[in-house]
Amino acid sequence: MASTYRRVRYRGMDLLSGQVRPVCFVRVSTPWQGLGVRVVCVALAGTVGAIGMLGYRRDGMAAPFAASGSGLVPGASLAGSILLGLTVHLAWMAVWSLVFAALAQRVRRPPAALVAVAVAGMAFVFSTIVGGGVAGPAATLPTAARAVVHIVLAVSLVIGLRLAPRG
């Protein structure tokens, strides 16, 4: 019985039907858009938590989101400016996560951690240059707190890539 099993497995046959099945070992990669959606969820969770924690230490958990929203629409209510700030943050995390997913899929040589640090560095420079409500709630924070948020972004990008199922 054991030799028959080895012989059947060696030929690449299906044990139940006894037919030879074609086998292909070509790597099939996940499209970067689908990978980016999975990474966005992890990056958004990490950065919203970091911004909320840093805001809690200053004026309240929603203060950075409210500052970002009121920077875009000065006459908005508190709830409206918080929601607008959260929406702007979601949009920027989606952009940076999709950039990371595209680079991580196309560039195989550097490890994903280096690509994540590069993308987080680009996001940090962008939030420093643009500032205000357009760059999101992270831009309303002081420079050290903004650096912490972008370090969390880099870690979240790598974790999101590791947690996303591969094709």
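**Figure 1. Helix α4 at the largest cavity.** α4 supplies 4 residues to the lining of the largest cavity, the most of any element. The model shown here and in the other views is a predicted one. Two or more lining residues also come from each of α5 (112–130) and α6, while α4 itself covers residues 78–106.

**Figure 2. The largest cavity and its lining.** A search of the whole structure turns up 1 cavity of 30 Å³ or more. The volume of the largest cavity is about 90 Å³. Its lining is made of 13 residues. Which of these lie nearest the centre of the cavity? They are M93, W96, A135, A138 and H150. By type, the lining holds 9 nonpolar and 4 polar residues, and no charged ones.

Figure 3. H89 is part of helix α4. Is this residue, H89, buried or exposed? The relative accessible area of H89 is 3%, and a residue counts as buried when this value is under 20%, so H89 is buried. Neighbours within four places in sequence are set aside in this view; the residues that H89 then contacts are L44, T47, V48, I51, F65 and P137.

Figure 4. Helix α6 runs over residues 143–163, which makes 21 residues. The buried residues of α6 are A145, R146, V149, H150, L153, A154, S156, L157, G160 and L161. One of them, H150, is also among the residues nearest the centre of the largest cavity.

**Figure 5. The whole chain, for orientation.** Read from the N terminus, its elements follow the order α-α-α-α-α-α. The chain has 167 residues, and 35% of them count as buried. Among contacts with a separation of 6 or more, 65% join residues 24 or more positions apart. The accessible surface of the chain is about 9800 Å², with 68% of this area belonging to carbon and sulfur atoms.

How values were computed: Residues numbered from 1 in each chain as written. Predicted model: local features only at pLDDT ≥ 70, side-chain atom pairs only at ≥ 80, totals over all residues. Heavy atoms only, no water. Expected span 1.5 Å × (residues − 1). Buried < 20%, exposed > 50% of the residue type's maximum accessible area, 1.4 Å probe, protein only. Contact = heavy atoms within 4.5 Å. Areas by Shrake-Rupley, 256 points an atom, 1.4 Å probe, with all protein chains shown as cover. 1 Å grid on protein atoms, 1.4 Å probe; cavity = no way out; pocket = protein on both sides within 12 Å on 5 of 7 lines; lining within 4 Å. Points joined across faces, edges and corners; volume = space filled by probe spheres on them. Nonpolar A, V, L, I, M, F, W, Y, C, P; charged D, E, K, R; others polar.
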